[in-house]
Amino acid sequence: MVKGYERDLKRLLRDADCDFVRSGKGSHEIWYSPLTETNFVVPNNVLSRHLANVILRQAGLPKSF
């Protein structure tokens, strides 16, 4: 079974006070980061640690994976 990073990624985002804004098209969610004051997209199926780190960088957080 392939392990995804979405559970740990979303936990890190919530711990950094990032907020879920709404569901996006398909299997994506829109989140808001108070650090960068921007919205960013989080897919529901994050299989790559590289993608997880890109999302953290968009949120203004350091790499964790």
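## Basis of the description

Because the model is predicted, local features need pLDDT of at least 70 and side-chain atom pairs count only at pLDDT 80 or more, whereas totals for chains, interfaces and linings use all residues. Residues are numbered from 1 along each chain as its sequence is written, and side-chain values use heavy atoms, with hydrogens and water left out.

Helices (H or I, at least four residues) and strands (E, at least two) are DSSP runs, numbered from the N terminus.

## Helix α1

Helix α1 covers residues 6-15, and its buried residues are L9, K10 and L13, where buried means under 20% relative accessible area, exposed over 50% and partly exposed in between (1.4 Å probe, protein chains only). Seen down the axis of α1, these buried residues fall within an arc of 95°, so they line one face of the helix; the arc is that of the directions from the helix axis to the C-beta atoms. The face turned away from that buried side carries R7 and D15, which are exposed.

The buried residues of α1 pack against β2, β3 (38-43) and α2 (49-58), contact meaning heavy atoms within 4.5 Å. Just after α1, D17 takes a positive phi of about 65°.

In α2, the buried residues are A52, N53, I55 and L56. Viewed down the axis of α2, they fall within an arc of 155°, so they line one face of the helix, while H50 and R57 are exposed on the other side. The buried residues of α2 pack against α1 and β3. At the start of α2, a side-chain oxygen of S48 reaches to within 3.1 Å of the backbone nitrogen of H50, and α2 is followed by G60, whose phi is positive, near 85°.

The axes of α1 and α2 come within 11 Å and cross at roughly 15°; axes are lines fitted to C-alpha atoms, for helices over the stretch in contact, and angles run from 0 to 180 degrees between N-to-C directions. That angle makes α1 roughly parallel to α2, since angles under 35 degrees count as roughly parallel, over 145 as roughly antiparallel, 65 to 115 as roughly perpendicular and the rest as oblique. The contact between the two helices is made by L9, L12 and L13 of α1 and by A52, I55 and L56 of α2.

## E29 and S33 in strand β2

E29 lies in strand β2 and counts as buried because its relative accessibility is 15%. The side chains of E29 and K10 are joined by a polar contact of 3.3 Å; such a contact is a pair of N or O atoms within 3.5 Å, and within protein one must be able to donate a hydrogen and the other to accept it, while residues adjacent in sequence count only if both atoms are side-chain atoms. Leaving aside neighbours within four places in sequence, the residues in contact with E29 include K10, F20, R22 and F40.

S33 also has its place in strand β2, which spans residues 28-33, and it counts as buried at 0% relative accessibility. The side chain of S33 reaches the backbone nitrogen of T36 at 3.5 Å. Apart from neighbours within four places in sequence, S33 is in contact with C18, T38, F40 and A59; S33 and A59 are 26 residues apart in sequence and 5.3 Å apart in space, C-alpha to C-alpha.
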